[in-house]
Amino acid sequence: ARHHAGVFILRVEDTDPARNTEEAYHAALYDLRWVGLDWDEGPETGGQFGPYRQSERDQLYREAGLKLLEEGRAYRCYCTPDELDARRKHALAEKRKPMYDERCFHLSDEERETFEAEGRPSAVRFRVPESGSITFTDIVRGEVVTDNEQIEDFVILRSDGSPLYQLAVVVDDVGMQITHVIRGDDHLSNTPKQILLHQALGGEPPVFAHVPQVSGQDGKPLSKRHGSVSVKEFREGGYLPEALMNYLALLGWGTAEDTIMQSPELIERFRIEDVHSSPARFDHAKLEWMNGEYIRLLPLEDLATRLEPWLAKEGLIKEPPTESERELLAKVVPLINTRIRRLDEAAVLARSLFMDVEMDPAAVNKAMKDAHVRQLLERAVVSLEELTDWRYDLIEERLRQIQQEMELKPKTAFGPIRVAVSGTLVSPPLFESMEILGKDESLRRLRGALATMGGTSKDEL
RNA sequence: GCCCCCAUCGACUAGCGGCCCAGGUCGCCACCCUUUCAAGGUGGUAGCACGGGUUCGAAUCCCGUUGGGGGCACCA
């Protein structure tokens, strides 16, 4: 819609009371907005063809259904759901196509009157022509032909009088002057039914584009067992909406050279007619990579703001942050922005810069057991104590000097110091971290590490 | 069972009869950079499902096989 400067309409198709809840409705709108979809017409936004929730347009559909009944385009069906279900299973067992047998269409007047006299409830079925076929040109599928004999007489009004999706959609497509419908290809087989309804209701069917559904790594339809599959899960998993949007656009579509395309470029380049008709597999690894790209694309101040809730959640800062926390965060962000791919990773990586941490036993085991460590830390403490101008480059200068004097490899020299300061073997850059922590805290941590090694106490230093 | 789709590296894709002994991206591997981890740089790995046609020429067109997927509700 944006590519063609069209009108983007959001319609909520909630005709099934059994599946429709107020929470689900609000969650859906929230998710759509979060990924960056901004409809021109729709619920809460409004528009000249509202309301945009089908549950609020019930009367329209009932009238349309009854009109079709009067015109003889539809008929009453007295079969109960149980009966239909039994017949469907029977047909399947006999390896026949499970279609409605049209028995109520062939009811005699007496039979019909008997049913009515019994007070048997009836649903309304649309009468599909016996022969002929429906043809339409789908933007991604091309010409689609369906023989009418493959289409059963489908229900348009339930026995309680409420409308079904097929009817509601067509009534609204006509009433809302819909020109294009872009939807998942699970609706492909519904399309001929809707075209039939369009013809019966006297409207021009819209143009359809059926895009393939996304599948998991194994080629099976995307489901829970493939990991995160809902917008909510990605949001809560530390993904950026811009990255999700970019990644999703690339599923079933692509360009020769470019991968990272932000919204304006996507709008300019995306062509629905170039979308594949075969399903694409969702690749979490590529999304992760792309999310990292988007994190690095963010100005540092913006990244800091986006990180706030995540750090607050882990108790590293308050929400909203205090002024000093904000200043600290501003210093930390440039140290970690190339090191995280998801927003939630920041808290893990930078924890030691916000609070005191215990040394990780595994890290201690790996880096602190060598014979040179005690002397190394002692010398570091002595040397750094003398440092008055606490800057990372000067810290590095001092520590490097010790490293060279002791003839240690950088890794064996800085590893133990890193563990002493950050508690782990993997951390933001060491010298910058120490500058951020400050002289007192850095020295306190070095002495603390020495103390855990037994022997010389920190007082003696 | 019936109807309908789809098929290029492990994944997402470019390709729309000669420019392709197939290009890009993720992943993976190696190297460089380097205080860890990343990021970044360089290079590499790997594919037109198969079999027939059509054509001077096929990843591109046609047919079949195989393999995947979707649909067949008083759900959407």
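What follows is a conversation about how some terms apply to this predicted model.

Modeller: In this predicted model local features need pLDDT of at least 70, side-chain atom pairs count only at pLDDT 80 or more, and totals for chains, interfaces and linings use all residues. Residues are numbered from 1 along each chain as its sequence is written, chains are lettered from A and ligands numbered from 1 in the order in which they are written, and side-chain values use heavy atoms, with hydrogens and water left out.

Biologist: Why does asparagine 148 count as buried?

Modeller: Buried means under 20% relative accessible area, with a 1.4 Å probe and protein chains only; asparagine 148 has 5% relative accessibility, and therefore counts as buried.

Biologist: What does asparagine 148 touch, not counting residues up to four places away in sequence?

Modeller: Contact means heavy atoms within 4.5 Å, and the residues that asparagine 148 touches on those terms are Val128, Pro129, Glu130, Ser131, Gly132, Ser133, Ile134 and Leu196.

Biologist: Which residues come nearest to RNA strand B?

Modeller: A residue is near a strand if one of its heavy atoms lies within 4 Å of it; of the 67 residues around RNA strand B, Lys95, Arg141, Gly252, Thr338 and Arg418 come nearest.

Biologist: What makes the approach of lysine 286 to a base oxygen of RNA strand B a polar contact?

Modeller: A polar contact is a pair of N or O atoms within 3.5 Å; a polar side-chain atom of lysine 286 lies 2.8 Å from that base oxygen, so the pair meets the cut-off. For arginine 19, a polar side-chain atom lies 2.7 Å from a sugar or linking oxygen of RNA strand B.

Key
Buried < 20%, exposed > 50% of the residue type's maximum accessible area, 1.4 Å probe, protein only. Polar contact = N/O pair within 3.5 Å; in protein donor to acceptor, adjacent residues only side chain to side chain.
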